[in-house]
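This briefing covers aromatic pairs, the nonpolar core and a surface patch. Please consult the sequence and the structure while reading.

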Amino acid sequence: ISATLKDTTISASGGPLGNITMKGTVTLTGGTVANPAVYTMNSLTMNGNANMVVTGPVIINFAGVGVGTVIDMTGGGFSNTTNIPNDLVINYGGSDGMTIAGGTDAYAVINAPNSAITFRGGSNFYGQAIGNTISDQGGTNFYWDTSLNAPPPTNTTTFARVAMRELSY
């Protein structure tokens, strides 16, 4: 299944989305902290100055079957209007590459431990990215959110790191 989305709002209730091309502004409706909206896609390509806007807690799971690049934001970027990295979680378990470009509100958590992640666009990125390799090819300013770090599963000592951040809810 392939689809081109342009200047629209979608919700997670529609099922798997397949290979998605975004043009214009596409809004992904978010859920709640207790029940985030979950979107399933095979791949995502952004063209024509596309902008993916997230309005609340969203999880995007990528399959990446039969594609060379699972996310290609070369022709666009994304915006998380909540300014909370945990409100946009991108999960991908495969080894295909990802090209990420943000905007002024690029807050996200990217979990792609086997993927080569490339940041482009010279914007700011707030949150966390886990990849096999991470490359900055455009002067992206990366702000790591230390409150996203989970303790090691076998930690038997007391915690030493404390991070605080003000939440808007």
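**Aromatic pairs, core and surface patch**

Tyr126 has a relative accessibility of 22% and therefore counts as partly exposed. The model is predicted. Tyr107, by contrast, is buried, at 15% relative accessible area; the cut-off for buried is under 20%.

**Tyr107 and Tyr126**

- The count of aromatic pairs comes to six.
- Tyr107 and Tyr126 are a stacked pair, because their ring centres are 4.5 Å apart and their planes stand at 15°; planes under 30 degrees apart count as stacked.
- This pair links distant parts of the chain, with Tyr107 in strand S11 and Tyr126 in strand S12 (residues 124-136), 19 residues apart.

**Phe119 and Phe142**

- Phe119 and Phe142 also form an aromatic pair, with 5.6 Å from centre to centre and 75° between the planes, an edge-to-face arrangement.
- Phe119 belongs to strand S11 and Phe142 to strand S13, so the pair ties together parts 23 residues apart in sequence.
- Phe119 is buried, its relative accessible area being 4%.
- Phe142 counts as partly exposed because its relative accessibility is 34%, and buried would require under 20%.
- Strand S13, where Phe142 is found, covers residues 141-144.
- Ring pairs also join Phe119 and Phe142 with Phe125 and Trp144 in a cluster.

**Surface patch**

- Phe142 is also part of a nonpolar patch on the surface, together with Ile130 and Trp144.
- The accessible area of Ile130, Phe142 and Trp144 together is about 260 Å².
- Patch members need over 30% relative accessible area, and Phe142 has 34%.

**Nonpolar core**

- In soluble globular proteins, nonpolar side chains tend to be buried together.
- The largest nonpolar core here has 36 residues, and the members that touch the most others are Met22, Leu44, Met98 and Ile110.
- Strand S11 (residues 107-120) supplies the largest share of this core, five residues.
- Which residues is Met98 in contact with, leaving aside its neighbours within four places in sequence? They are Val70, Ile71, Ile90, Tyr92, Ile110, Ala112, Ser115, Ala116, Ile117 and Thr118.
- Ile110, one of these contacts of Met98, is itself among the core members that touch the most others.

Conventions: Residues numbered from 1 in each chain as written. Predicted model: local features only at pLDDT ≥ 70, side-chain atom pairs only at ≥ 80, totals over all residues. Heavy atoms only, no water. Patch = residues over 30% accessible without salt bridge, like charges linked within 9 Å, V, L, I, M, F, W, Y side chains within 5 Å. Areas by Shrake-Rupley, 256 points an atom, 1.4 Å probe, with all protein chains shown as cover. Salt bridge = Lys/Arg side-chain N within 4 Å of Asp/Glu carboxyl O. Helix = DSSP H or I, 4+ residues; strand = E, 2+ residues; numbered from the N terminus. Buried < 20%, exposed > 50% of the residue type's maximum accessible area, 1.4 Å probe, protein only. Core = buried A, V, L, I, M, F, W, Y, C linked by side-chain atoms within 4.5 Å. Contact = heavy atoms within 4.5 Å. Phe/Tyr/Trp six-rings, centres within 6.5 Å; stacked < 30°, edge-to-face > 60°.
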